[in-house]
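Please open the model in your viewer and keep the selection panel at hand. The stops below are meant to be taken in order, each beginning with a selection.

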Amino acid sequence: MKKGSIVEGIEIVDIGAKGKVIGKKDGQTFMTSAAVPGDVVSIQIRKSKKNYQEGFLKTIESKSADRIQPLCEHFDHCGGCSWQNLNYAKQKELKERGVLQQMRRIGGIEDVNHLPILGSNETFHYRNKMEYTFVSERYLTPEELSSPEIKKTPALGFHVPGRFDWVLHVNECHLQNTLHNDMRNFIYDEALSAGISFYHPRNQVGIMRNVVLRNNRKGQWMILMIIKERSEETDALCQKMVDRFPEIESFWIIVNNKVNDSFSDCPAQLFHGNENIIETFQRPDNQGSVDYIIGPKSFFQTNSNQAEKLYEIVYNWAGIKSTDTVYDLYTGAGTIALFVAKQAAKVVGVEYVPEAIEDAFKNAALNDVENCSFFAGDMKDVLTPAFIEENGKPDVLITDPPRAGMHSDVIDRILEAEPKRIVYVSCDPSTQARDIALMKHKYNVVQIQPVDMFPHTSHVENVALLELIEG
């Protein structure tokens, strides 16, 4: 179809990747955004592919019964919660169905035993971490561009999808505890009042760059203020934050004078309070709790309530005996390793990021856990036959890789080691299904459990239990 042409009467039938939806008409497939399954829409063709047409949503000709009014005023332009216009029951249904489709299509597993998706009790205010960006000129919506009196004022908010230099100013976000809105707006107003410049990403000038707001379930907060250079004015701004919000347990300043926004390699300077905040998870079966240190650059699951439930699934499915050696691959800060350590004889954690391994040792010491050892390095380079011989063959293996899944060399080592049980946690069921397909000649998939960690988004976690085929 020609670019710019209008196609009417397209029925939206499914959800695609990255917030896209899939429509059908006369045997043809269309992709667009901002619609939900059950809508009938018209779209303007943007580009033609071999198997589908993609376009902009023009009109909703009839609305789906599952469509709801988004709560957020920024929904149309933010892109962060692309499913907020879909009722939560339908969100869970689509995520569960998507996991099963990946298992069948990519994993080649037709009749997997699956438990219903574990939904989140909190569909808003569930995150424990949010990051916002300062820019000297805010993004103007198409409606605002048509009003000549509206000017490009400074912004503190989220990047517009696909643009590093466009930031949508945010008045209120519903993903984290409501106090974070007060904190963010206070920082914005005080920085403007003090005349501290906001960063311009193209010209690379300006002081204020990013702010990260973290909290635990005890109501304690950690603030990371990322600036291009530190001065008396920036320190005064930070002090005003500390004075205004007694909930701030830890306040860090990070100076980033690089071109890009990444600050993981920039030194952090403690401005106020403690170096860390602590999150506590309860183990099942009255097995006590685990405390986790959260530092300024620590990785931690951003939905604490669902993460606790996720770890409980891993704990129960692993079936660890007191004589078992357990491997926890992609261990991060040792969160799962420490959660299951009490049941095992020995736990071996491996992680690519050295700073995460440092946190893992700190977490082990904090919890008086002495049967865990942690190793840093690229998984395919660390997990060698010599490593397994030195640390012992795993009876149980837990793996929680990044979205890319596991390297083929890692899968080969697992197949050679032949742990009796594998608990595979994945944030991308497609790569999980690919990896399972490479192991299914030796392992049966006993059951899977989708877990919704991020309501109103297309993301879904999945836990799979694999057992070694005897003989």
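Predicted model: local features only at pLDDT ≥ 70, side-chain atom pairs only at ≥ 80, totals over all residues.

**Aromatic pairs**

Begin by selecting the rings of Phe, Tyr and Trp, among which the count comes to 15 aromatic pairs. Phe134 belongs to strand S6 (residues 129-135), while Phe198 is in the loop between helix H4 (179-194) and strand S9 (208-215), so the pair ties together parts that are 64 residues apart in sequence. Phe134 is buried, with a relative accessible area of 1%, and Phe198, at 6% relative accessibility, counts as buried too.

Next, select Tyr327 and Phe387, an aromatic pair that is again edge-to-face, with 6.2 Å from centre to centre and 75° between the planes. Because Tyr327 lies in strand S15 (residues 325-329) and Phe387 in helix H10 (residues 385-391), this pair ties together parts that are 60 residues apart in sequence. Are these two residues, Tyr327 and Phe387, buried or exposed? Tyr327 is buried, and Phe387 is as well.

**Charges over rings**

Select Arg184 with Tyr132, where the charged end of the arginine sits over the ring, 4.8 Å from its centre. Then move to Arg209 and Tyr199, where the charged end of Arg209 sits over the ring of Tyr199 at 4.0 Å from the ring centre.

**Where H4 meets H5**

Display H4 and helix H5 (residues 232-244), whose axes come within 10 Å and cross at roughly 145°; the crossing in which H4 passes H5 is right-handed. For the residues that make the contact, select Met183, Phe186, Ile187, Glu190 and Ala191 on H4, and Leu237, Lys240, Met241 and Arg244 on H5. How do the residues of this contact divide into nonpolar, polar and charged, and how many are there of each? There are 6 nonpolar and 3 charged residues, with no polar ones.

Select His456, which is placed in the loop between strand S20 (443-451) and strand S21 (461-468). His456 is buried, with a relative accessible area of 5%. If residues up to four places away in sequence are set aside, His456 touches Cys81, Ser82, Trp83, Gln84, Gln91, Thr123 and Phe124.

From there go to Gln447, which is found in strand S20 and is buried at a relative accessible area of 16%, because buried means under 20%. Apart from its neighbours within four places in sequence, Gln447 is in contact with Asn113, Trp317, Val463, Ala464 and Leu465.

**Two residues with positive phi**

Select His125, located in the loop between helix H2 (88-105) and S6, and inspect its backbone: phi is positive, about 60°, although the residue is not a glycine. His125 is partly exposed, with a relative accessible area of 38%.

End the tour at Asn286, in the loop between strand S13 (277-282) and strand S14 (289-294). Asn286 likewise has a positive phi, about 55°, although it is not a glycine, and at 81% relative accessibility Asn286 counts as exposed.

Terms used: Residues numbered from 1 in each chain as written. Heavy atoms only, no water. Helix = DSSP H or I, 4+ residues; strand = E, 2+ residues; numbered from the N terminus. Buried < 20%, exposed > 50% of the residue type's maximum accessible area, 1.4 Å probe, protein only. Contact = heavy atoms within 4.5 Å. Phe/Tyr/Trp six-rings, centres within 6.5 Å; stacked < 30°, edge-to-face > 60°. Lys NZ or Arg CZ within 6 Å of the ring centre and 35° of its normal. Axes fitted to C-alpha atoms, helices over the stretch in contact; angles between N-to-C directions. Left-handed = near helix turned anticlockwise from the far one by under 90°. Nonpolar A, V, L, I, M, F, W, Y, C, P; charged D, E, K, R; others polar.
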